[in-house]
Amino acid sequence: LEFRRVLFRSGKLVGLSEQEAQKVAESLGWTVRVGRRDGVDLMLTQEYSTSRVNVAVEKGIVTEVLSIG
C-alpha cells in the first residue's frame, strides 16, 4: 500500500523544475534521483530505496517518474 501511495504522489513532481521537485520530495521524506537527463540514460547504482523517486528531466523540468527505488 505504501509503495502505491508513493507512486501516486510522485506524479506530482512531473512538470516541476528539478529544484522544485527536490524541495517537494524532501518535504514528503523522499529523495529524487535523475535517471535520464535530456534524453540520455544515466548510470545508477542498484541499491533499492522505497523513499527514492527516479525521474527524467528535460531542459531542467521533470517530465516523467521512471521508477521508485
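1. First, a term: a residue is buried when its relative accessible area is under 20%, exposed when that area is over 50%, and partly exposed in between (1.4 Å probe, protein chains only). Keep that in mind for strand β3, residues 52-58: six of its seven residues are buried, so the rest of the structure largely encloses this strand. Helices (H or I, at least four residues) and strands (E, at least two) are DSSP runs, numbered from the N terminus.

2. A word on what you're looking at. This is a predicted model, in which local features need pLDDT of at least 70 and side-chain atom pairs count only at pLDDT 80 or more, while totals for chains, interfaces and linings use all residues. Residues are numbered from 1 along each chain as its sequence is written, and side-chain values use heavy atoms, with hydrogens and water left out.

3. Now, what does β3 pair with? Two strands count as paired if DSSP finds at least two bridges between them. Strand β1 (residues 31-37) runs parallel to β3, and six bridges connect the two. One of the contacts to look up is Arg33, whose bridge partner in β3 is Asn54.

4. Strand β4 (residues 61-68) pairs with β3 as well, this time antiparallel, again over six bridges. Here Val57 has Val62 in β4 as its bridge partner. β3 and β4 form a hairpin with two residues between the strands, and Lys59 in that hairpin has a positive phi near 50°.

5. On to the charged side chains. A salt bridge here is a side-chain nitrogen of Lys or Arg within 4 Å of a carboxyl oxygen of Asp or Glu, and by that rule there are four. Among them is Arg37 with Glu18, where the closest N and O atoms are 2.8 Å apart. That pair joins distant parts of the chain, since Arg37 sits in strand β1 and Glu18 in helix α2 (residues 18-27), 19 residues apart. Arg37 is partly exposed, at 33% relative accessibility.

6. Which residues does the salt-bridge network around Arg36 link? Arg36, Asp41 and Glu64. Arg36 reaches Asp41 with the closest N and O atoms 2.9 Å apart, and its salt bridge with Glu64 comes in at 3.2 Å, N to O. Glu64 belongs to strand β4 and Arg36 to strand β1, so this pair ties together parts 28 residues apart in sequence.

7. Asp41, at 57%, counts as exposed.
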